[in-house]
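The sequence and structure come first, and the notes follow.

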Amino acid sequence: MLYTAPLLVAVCFLATLFQTSIAAAIPMAVRDDATTDGHRGGDRGPGPEHKKCEKLLERREWRTLDDDEKANYISAVQCLMSSPAHNPPIKEAKSRFDEFQAYHISIANDVHVTGEFLPWHRQMVKSYENALRNECGYKGTQPYWDWALDTDSAESFFASPIFDPDTGFGGNGVLGTYTLPPFGDDSRINATAFLGCVADGPFKDYKLSLGPGKLITTHCLTRGIDPSDRIYLNSAAVKNTTDLPTYEEFRIELEGEPITPTHKLHDGGHAAVGGDMSNFFSSPGDPIFYLHHANLDRTWWRWQSMKPSRLYEISGYTSSTPPFTNVTLDYPLQMGTIGNTVPIRDVMDIHSEPNCYTYV
Ligand SMILES: [Cu+2]
């Protein structure tokens, strides 16, 4: 089976403003005062110093978890799927798991293609990890999916431990088991990505209440795994991204279409899994969403960690449509009922309160 690379979105790319903010909330001892890496000055207001964490939760790659740890994570996700929603923005959202998806659907147009893309998804994944731990008794941390381990390998992409039916999230959709309902352009549905229902693994009987796209339908977990996207997810693609000198270039190269002409790490990962995961709005209906976004967050953290001046570097617009305003460190990351609404400043340093996690 062959799929053409899906176009996730159809909005025009609007020129981004090349504006960089660097906060000085970096300990002087490690501060890189040279700032010769392409910065143009801008907002250097330090804001309140964030307290460094005493303990860090260590987020690990999925395949380094042992079978019990994997099972504990999956059980916690299933717990969220059976816990009632609190106050979701879409009333058909039944569970807490749905509530995260509903919030993403409702805010998707503001938190993609914009400067807050990475900070917002960082806070979303943190909020999800908090819900697993605080509402479902999960003792572990949010795992990530390092796709480069699969895409650099000679093994079939389908053989990724992430798709394992016993110790992963189940495999591909099965052709002929799912029919897309009628949908309009505003749901940004790429029909070829919806191969069918996932027929194995822990979510084979799970029913989503929302999606695909902005539609509200009860349906199976859909996928259409597309190995042609592996070229966007290998270690060369990661290096092309982390080699970029400014946040502005980095975030654009990482996010992908429609800011770039082809898929990149972000949309490449979404499209590689296919089904709901490939959709701009409803992607958090596939539990793999959180492992993919944790890896994007890790990639951002790796880039941030390369130079002290990058720790508080932020840029881009607050919206994808006019009127345009630049994001600042004070810009609020709206989380509704899924987590705490905080200014971007608060999520920039994952080793500081209230974040307190790291990637190993
Ligand atoms: Cu998103």
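The model is predicted. Most residues other than glycine have a negative phi, and most peptide bonds are trans. The points below concern backbone positions that depart from this pattern, grouped by kind.

**Cis peptide bonds**

- Glu257 and Pro258 are joined by a cis peptide bond, with omega about 5°.
- Pro258 sits in the loop that runs between helix 6 (247-255) and helix 7 (265-273).
- Another cis peptide bond leads from Glu353 to Pro354, and its omega is near 0°.
- The loop holding Pro354 lies between helix 9 (344-348) and strand 9 (357-359).

- Val113 is not a glycine, yet its phi is positive, at about 65°.
- The place of Val113 is the loop between helix 2 (96-111) and helix 3 (117-136).
- Cys356 is not a glycine either, and its phi is positive, at about 60°.
- Cys356 is located in the loop between helix 9 and strand 9, where Pro354 is also found.

- Is Val113 buried or exposed? Val113 counts as buried because it has 26 C-beta neighbours inside 10 Å, and the cut-off for buried is 20 or more.
- How does Cys356 count, and why? Cys356 has 16 C-beta neighbours inside 10 Å, so it counts as partly exposed; that class lies between the cut-offs of 12 or fewer for exposed and 20 or more for buried.

Technical notes: Residues numbered from 1 in each chain as written. Predicted model: local features only at pLDDT ≥ 70, side-chain atom pairs only at ≥ 80, totals over all residues. Helix = DSSP H or I, 4+ residues; strand = E, 2+ residues; numbered from the N terminus.
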